[in-house]
Structures are given as C-alpha cells and as structure tokens.
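Student: I have a structure to study and some questions about it. Can we go through them one by one?

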Amino acid sequence: MGVNPEIAGRVYPPSPFYEVGREKIREFAEAIGSTDPAHTDPAAARALGHRDVIAPPTFAVIIAQRSEAQVINDPQAGIDFSRVVHGEERFTHHRPITGGDRLVATLHVDSVREAGGHAMVTTRVEIAEESGEPVSSVVSTLVVRGESK
Amino acid sequence: MSRPTFDEVAVGDQLPAVTYPLRRDNLVRYAGASGDFNPIHWNERFAVEVGLPNVIAHGMLTMATAVRLVTDWCGDPGAVVGYGARFTKPVVVPDDGTGATVEVSAVVAARDEQARTVRVDLTATSAGDKVLGRAQAVVRLP
C-alpha cells in the first residue's frame with residue numbers, strides 16, 4: 001500500500017511542551033562538534049545579545065522529528081517507515097532556540113506527490129512559544145521508496 | 001574574535017574551507033543527542049541487509065557539520081536565520097579507525113541590503129561525492 005494522498009493539508013494537534021534545557025543544548029553542540037561558547041556559556045551568549053545559551057541552527061530537528069512521528073505512525077497515512085529516506089530539510093528561524101524555552105510544535109502535511117515510483121511527503125513543523133509567538137519553521141521532505149525499487 | 005560585518009562582506013567571498021572527520025563514535029553520539037536511533041547509522045549488519053555499502057551518517061549530522069563552517073565564520077550561531085539542504089548521497093562511515101571525512105567549502109552568493117543578510121552557498125563532499133544539494137544558509141550580519 002502506498003502513501004495516502006488525502007493526508008495532504010492535514011494539521012495534527014499541537015505537541016506537549018518541549019522544554020529546552022541548557023544541558024541538552026550542550027549535548028547536541030558537542031555531538032555535532034561545535035565548540036562555540038554561545039552553546040554552553042550563558043555569559044558568552046548574552047554578549048551576543050541572546051537571553052541565555054542558544055542552540056545550533058539544526059537543533060530544531062529534535063523537536064521537528066518528534067512531531068513528524070505523528071504522521072509516520074498514523075495508520076491512515078500509509079507510510080512504511082522501513083522505506084523512508086530523508087530527502088530534504090529546511091529551517092527558518094525567527095530567533096534562535098534558547099535555553100529555558102517552552103516550545104509547542106504543530107505538524108502540517110504540506111504535500112504528497114509521486115516522483116519516479118517514490119512518494120515524496122513534505123511536512124512543515126511550526127515551532128512556537130506558549131504565547132503563539134513563532135520561533136522556527138522546519139520543512140522536511142521524506143522519500144518513501146516504491147515497492148519495486 | 002572579529003566578526004564580519006554586513007558592509008565588509010561581498011558576493012563572491014570564499015569562506016575558509018574545512019575538512020571535518022566523521023567516525024562511528026560521532027554517529028553514535030549524534031544518535032543519542034538527536035534521538036534518531038535508526039540502525040542504518042550504527043549497525044553495520046543492518047545497513048548491509050537493507051542494501052547500503054556500510055553504516056551511513058545521519059543526513060542531519062552532515063548538515064549540522066557543514067554549517068559549522070558558517071557559524072565559525074560569522075561568530076554567532078544565532079545569526080543563521082535560514083538553512084536548507086537536500087541529501088544527495090550518503091556519507092559512508094566504515095569502522096576502520098579513520099571513518100569518513102566531509103570537505104566543506106562555501107561562498108557568499110547574495111546580499112540583501114534591507115534585511116542585512118547574506119546567502120552563503122555550501123558545498124559538501126565525501127569520498128568525491130557531493131553529499132548535500134542546494135545547501136544554502138541565510139546569515140544576518142551586524
């Protein structure tokens with residue numbers, strides 16, 4: 001069974017809060033090899049004008065992938081995760097994700113299309129503050145490989 | 001560290017290229033930090049079973065590594081207001097003590113006077129293959 005094209009346009013309920021910890025930012029920065037003190041030293045981050053330590057530009061993927069799991073695990077979507085390959089990722093940051101943030105993620109399915117026997121599912125996770133103030137937008141394209149490939 | 005200002009930066013400026021090593025322990029550490037435990041990124045037996053040459057790096061680890069070139073250049077990781085890439089080829093990471101390398105270069109491709117941002121186009125290769133496609137970062141400069 002292929003991906004259900006009718007999931008395009010679907011919006012899933014907002015996630016529970018994701019609370020951004022300083023130590024999680026440090027752990028992620030170390031994992032990607034970034035030694036920038038703005039990730040680990042609040043004083044260095046403040047000197048750059050940030051409220052607290054800031055996350056690396058791709059940190060939002062942690063929050064986005066948790067949210068994307070909703071569509072991957074949705075039986076109505078028909079996505080076979082064993083055939084999923086990550087095709088593309090795009091971040092837009094209204095401001096950096098910062099230690100102490102309490103963030104809510106909302107998953108949108110922007111499109112489902114067929115290309116070369118594969119299904120391409122493009123999702124957009126809107127990450128916002130509790131107040132609704134936007135923080136980051138994460139667009140991800142998953143390629144679900146066709147049965148014959 | 002001196003940070004480049006918008007007025008100093010011109011289209012065509014090259015950022016200093018860097019070669020980043022990626023070994024198995026980097027992949028395991030990234031799996032833990034990111035929560036992406038897909039076994040193709042740490043289990044060679046599984047990777048070969050699904051038709052890969054060996055364990056491959058998370059595309060998102062390659063992407064995170066490449067943008068370090070930009071954040072180290074601009075001196076503020078919070079200055080990256082946009083970043084996107086396509087995953088064109090996997091970075092294959094053998095368990096041979098050396099692993100893989102990702103060679104990253106970048107050039108300033110556009111300037112936006114109103115937003116005081118520049119677009120930096122990145123090239124990332126591993127074992128001669130281009131591993132990211134259309135990799136672009138938008139950076140706000142002081």
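Student: How many helices and strands does chain A have?
Tutor: Keep in mind that this model is predicted. From the N terminus on, chain A runs β-α-α-α-β-β-β-β. Counted by type, that comes to three helices and five strands.

Student: What percentage of the residues in chain A is buried?
Tutor: A residue needs 20 or more other C-beta atoms within 10 Å of its own to be buried. Chain A has 149 residues, and the buried part is 37%.

Student: How many residues of chain B are in contact with chain A?
Tutor: Here two residues are in contact if their C-beta atoms lie within 7 Å. On the chain A side, 27 residues take part. For chain B, the number is 27.

Student: Which element supplies the largest share of the side of chain B that touches chain A?
Tutor: Helix H1 (24-34), helix H3 (59-74) and strand E2 (80-87) of chain B each give at least two residues to that side. By class, the side has 14 nonpolar, eight polar and five charged residues. The largest share is nine residues, and they come from H3(B).

Student: Which residue stands opposite Thr92(A) in E2(B)?
Tutor: Start with the strands. Opposite Thr92(A) stands Gly82(B).

Technical notes:
Residues numbered from 1 in each chain as written. Chains lettered and ligands numbered in written order. Predicted model: local features only at pLDDT ≥ 70, side-chain atom pairs only at ≥ 80, totals over all residues. Helix = DSSP H or I, 4+ residues; strand = E, 2+ residues; numbered from the N terminus. Buried ≥ 20, exposed ≤ 12 C-beta atoms within 10 Å, placed from the backbone. Nonpolar A, V, L, I, M, F, W, Y, C, P; charged D, E, K, R; others polar. Pairing = 2+ DSSP bridges.
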